[in-house]
Protein chains: 2
Amino acid sequence: VSLRSELFEQPQAAQRLLETGREPLVRVAARLADRPVDFAVVAARGSSDHAAIYAQYLFGVRHRLPVALAAPSVLSLYGVEPRFERALVIGISQSGASPDVVGVVAAARRQGATTLALTNEDASALALAAEFVVPLAAGPERAIAATKTYTAELLALAMLSSAVAGDGDRQVLEQLPGWLEQALGVEDDARSIAERQAGMDRCIVLGRGFEYATAREWALKLKELTGVVADPYSAADFLHGPVALVEPGFPLLAVAPSGAAADSIWSLLRGLQDEHRAELMVLSDEPALLGLSGRGLRLPGGIPEWLRPIVSIVPAQLHAYHLAVARGRDPEAPPHLAKVTLTR
Amino acid sequence: VSLRSELFEQPQAAQRLLETGREPLVRVAARLADRPVDFAVVAARGSSDHAAIYAQYLFGVRHRLPVALAAPSVLSLYGVEPRFERALVIGISQSGASPDVVGVVAAARRQGATTLALTNEDASALALAAEFVVPLAAGPERAIAATKTYTAELLALAMLSSAVAGDGDRQVLEQLPGWLEQALGVEDDARSIAERQAGMDRCIVLGRGFEYATAREWALKLKELTGVVADPYSAADFLHGPVALVEPGFPLLAVAPSGAAADSIWSLLRGLQDEHRAELMVLSDEPALLGLSGRGLRLPGGIPEWLRPIVSIVPAQLHAYHLAVARGRDPEAPPHLAKVTLTR
């Protein structure tokens, strides 16, 4: 039963990281003040790659810093080290073990770049490779599908942003455990929606801006746990082609809370439902958006947009968990997967 | 009948761009020699975003240059301009019209960054926004699904790489029209494979390294034209979760030619087929890889790996076209799409 219990440990895990992560992240921020960087590079795979997507919006919007997602194969397959001297290079990995991610961070450190590891394994190869290490402090994660380490990765990135910005966000960060607790309260709704979707075998998952990361991670949880081919799209990219998939009854899942993306996603979803009769499921804190669909999962209100992805994934995790159960799958034992995947 | 005829125009379009694109790209290369950059940023949507992924591997492997895919929403939704001063910022768009892509390039130019537009519309907003413009010279593209403009975008990027490297690749570049012609020769095989797949409604498309862009673009063509939910993955990321989808008979399409990624993708595909009885379709120039499956589409041999994505998408385009026909869809009129999509 590790998956469900780890999912429910997220408020405590966040609380721990808020206490233990601050000091090492303030040291990273001090280095960045001493030695400014022109851009950031994030090396990650799987769920951690979605933390990297969150970093794109977080550092872009809050620090005007362009963020590149490393293509680790450039190094691991083609043997070429991109020039990282003027970058902050962040490796993100629950296990800290995947050789391709470790390779990017080690190369960057050799080149003299500022390197940071976010990992749940303090003595891992990734932790050894990076100059700065922030342990995720999530406690052992035994379930194959990542839950609490994903939210811890996002929180560590948010805390880094906060340290760089001068630490004025401490009060709002401290509300996160409470918001996570609140988000866990929708389990009954998640279960009942999932039970009605047991026959689904494909869907699109939409998000935009900060919540694009949530759409990606939700889709991955669905693929790992439920056997549903869930293809994630930014709501903008979706219009550049994939919208052609939508036919009456086509399942569209959307992360569509209040904020800068709300208007554009609202008019997109309304069009898809009214004109093309898609079958919508919506995750939101906005009554107007929840009201678009009989399948709404409520997010806690009042969370600043830049922190909300840490919370909005939680109802999505509950939904994927219960959809797995509804489809007769064992969420503890997704086929063909081990907890640690080593790719080169 | 524009789609099929535009698809078959690709050798001529490439020939034209080889002639007209060289001079403007040599000017871009001269600027980059004068004023070196630390990284590149590419702003694009839809098919053009897959040209951006090609650029990640191309500039990474050949020039050690990290490449970030712009998240245009950082500017268009959140109103923040990332700092682009030390970047080469490339906007890629067939129509040159999408406001979010134009916005990134315009911001970069205001900041004094080197900006380049690759577009098929010489007088478009994107062409006006960028300091350097390379017209794709593909001729009017009327079909909604991009074909010849996609290969032209890739070729323009390859020619930029070649100009930066000092132009020693001219002979090999000049072989591209012939290779494109050869790739078009597999139409009968593409049709016969597609006819056997008419009942498919979901699949995974795999690629790795340089061919990850091809996997992404193939999946998009399938979504636009055939109604199949085709979810693309790098073969490495696929192992970090989505492999759990595979059950007996699950359709896996793979771009798996010779080169640096061949060994890892070969052992992955063999495992998926032997142990998990996936239903493979393989695009390759390697007999061993083609032999993995009764559904092999042959790529021309002898193409250098960095240029091959320009050619390897062609059999995939033919496959998507014929799968649309086999599924009773009109490839000229995908639902809900217009040729030009404007996103903000």
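This is a predicted model: local features need pLDDT of at least 70, side-chain atom pairs count only at pLDDT 80 or more; totals for chains, interfaces and linings use all residues.
Chain A is superposed on chain B by a rotation of 180° with 0.0 Å of shift along the rotation axis, and the RMSD is 0.0 Å. This is the relation of a two-fold axis. Within chain A, the C-alpha nearest the axis belongs to Ala68(A), at 2.0 Å from it. Both copies use the same surface, since 100% of the contact residues of chain A recur in chain B.

Over all chains, the structure contains nine aromatic pairs. One of them is formed by Tyr78(A) and Phe210(B), with a centre-to-centre distance of 5.2 Å and an angle of 75° between the planes. An angle over 60 degrees counts as edge-to-face, and the pair is assigned accordingly. The pair crosses between chains. On the chain A side, Tyr78(A) lies in the loop between helix 5 (73–76) and strand 3 (87–93). On the chain B side, Phe210(B) is located in the loop between strand 6 (202–207) and helix 12 (212–226). Both partners are placed in loops, and each is buried: the relative accessible area is 16% for Tyr78(A) and 3% for Phe210(B).

A further pair is found within chain A, where the ring centres of Tyr233(A) and Phe238(A) are 6.1 Å apart. Their planes meet at 55°, so this pair is classed as tilted. Tyr233(A) and Phe238(A) are both buried. Ring pairs also connect Tyr54(A), Tyr57(A), Phe210(A) and Tyr78(B) into a cluster, which includes residues of both chains.

Aromatic rings also take part in contacts with charged side chains. In chain A, Arg62(A) is positioned over the face of Trp306(A), at 3.5 Å from the ring centre. In chain B, Arg62(B) lies over the face of Trp306(B), likewise at 3.5 Å from the ring centre.

Helix 4 of chain B comprises 17 residues, 47–63.

Technical notes: Residues are numbered from 1 along each chain as its sequence is written. Chains are lettered from A and ligands numbered from 1 in the order in which they are written. Side-chain values use heavy atoms; hydrogens and water are left out. Copies are superposed by least squares on the C-alpha atoms of residues with pLDDT of at least 70 in both. Contact means heavy atoms within 4.5 Å. Rings of Phe, Tyr and Trp (its six-membered ring) pair if their centres lie within 6.5 Å; planes under 30 degrees apart count as stacked, over 60 as edge-to-face and the rest as tilted. Helices (H or I, at least four residues) and strands (E, at least two) are DSSP runs, numbered from the N terminus. Buried means under 20% relative accessible area, exposed over 50%, partly exposed in between (1.4 Å probe, protein chains only). A charge sits over a ring if NZ of Lys or CZ of Arg is within 6 Å of the ring centre and within 35 degrees of the ring normal. The expected span of a helix is 1.5 Å times one less than its number of residues.
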